[in-house]
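I opened the model to look up a few things. My notes follow in the order I made them.

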Amino acid sequence: MTNETLHALRRDINEIDSELLILLAKRRRIAHSVVEYKINNNKPIRDEAREQALLENLISYGKSLGLDAYYINNVFQRILEDSVLHQQAMLQQNLNPEALGTTNRVTYLGGQGSYSQLAVHKYFSRRPGKLVELGCSQFDEITGAVEKGQADFGVLPIENTSSGSINEVFDLLQHAQVSIVGEVTHSVEHCVLAKPGTELGDINKLFGHPQPFAQCSRFIQGLDQVQLEHCDSTTSAMKAALECEHSAAIGSAQAGKHLGLEVLQTAIANQSENHSRFIVVARKPLQVSMQIPTKTSLIMSTSQQVGALADALMIFKQREINLVKLESRPVPGNPWEEVFYVDLEANIDDPNVNQALEELKPFTEFIRVLGCYQSESLKAVTPKM
Ligand SMILES: O=C(O)C(=O)C[C@]1(C(=O)O)C=C[C@@H](O)C=C1
């Protein structure tokens, strides 16, 4: 094959890819129009039977074109997820017209290319309004800026599939005067990044935020004679690596590229599927439509009687409310007292949930709803292949 033929083939591929993008944008516009029907007829946004039928038809047609079922399923699951999340965000905006302004000031940890910034982009790309980004170096600066009205929203990482809960953020939520109004999950692909020309064997210092260090502990154990340097964020870790000879940082490939760093090694997290969940906080709570999957987060401390926690949790079971997270944290200044964080798959406007919260009172010393928000963890349907 000649060079010209290669160029011609690549031109064809470029053209097909552009057509695919045009079609995806068109598909999304049509899905937006479907929302109007669902709003007016009070129908749930998600129609799993339709998704199942759609996937099965596509798999069958795709097979006749020589494409394999797993490939088709993967591609269209992503398309459907995008469609559902966009529709849900539209519905929410319709219900809370004041929720997003023409300009949304969003504060998060780190700067260009930090994982938090990637999560901010993912969440706000589905919502209207101009994004104004305010990078911070501490979690309490984020909640502080929202409380003082310097930012409309704050985005905080709350848990990771490898390292678990981010205690500092749970502790902040005990006292911060903010409401959880959203969540977003983002896959975190840690890399080792260094100044161009640096080899992995040359480094004697590794900069990073404590969370990525925990999530890449196995890789780090395998490094010989490398000193770990803790930083406020992945952005500051990467900046430090730029200024220090024989050093590297843990961060995302995108952020590294932005700062002029080279990737020395990819996929260094303990688990290949490494995802972080972020919460979005604002000063005031939002109303969440009953037509979409919803989470309610609360914080409570149970009375000191035997079995008080078990009794409290039984209320959710009796009322068929699914509990998706339970986390305990110490109360500062009160040794051995615990406060519990609970995430429910529930909408605070559902009378069944309200009733459950009333029934909880005798078993708790205090209880506060941290927020009710659109759940972004969609359970994919499983088509017959
Ligand atoms: O057909 C619908 O009801 C739609 O809203 C469209 C669509 C899709 O994107 O294909 C989106 C969400 C539903 O769960 C099913 C399908």
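Strands here are DSSP E runs of at least two residues, helices are H or I runs of at least four, and both are numbered from the N terminus. This is a predicted model, where local features need pLDDT of at least 70, side-chain atom pairs count only at pLDDT 80 or more, and totals for chains, interfaces and linings use all residues. Residues are numbered from 1 along each chain as its sequence is written.

I then checked the two strands. E7 (residues 205-208) and E9 (residues 247-251) run parallel, joined by three bridges. Pairing takes at least two DSSP bridges.

Next I traced the sheet. It is open, with five strands in the order E8-E7-E9-E6-E10 and mixed pairing. E8 (227-230) and E10 (262-265) are the edge strands, each with a single partner, so one side of each has no neighbour in the sheet.

I turned to the ligand. Which residues surround it? I found Ala31, Val34, Arg46, Asp47, Arg50, Glu51, Leu54, Leu80, Ser83, Val84 and Gln87. The cut-off is a C-beta atom, placed from the backbone, within 6 Å. H1 (3-40), H2 and H3 each supply at least two residues of this shell. H3 gives the largest share, four residues.

Last, I looked at how two helices meet. The crossing of H2 and H3 is right-handed, meaning that the near helix is turned clockwise from the far one by less than a right angle.
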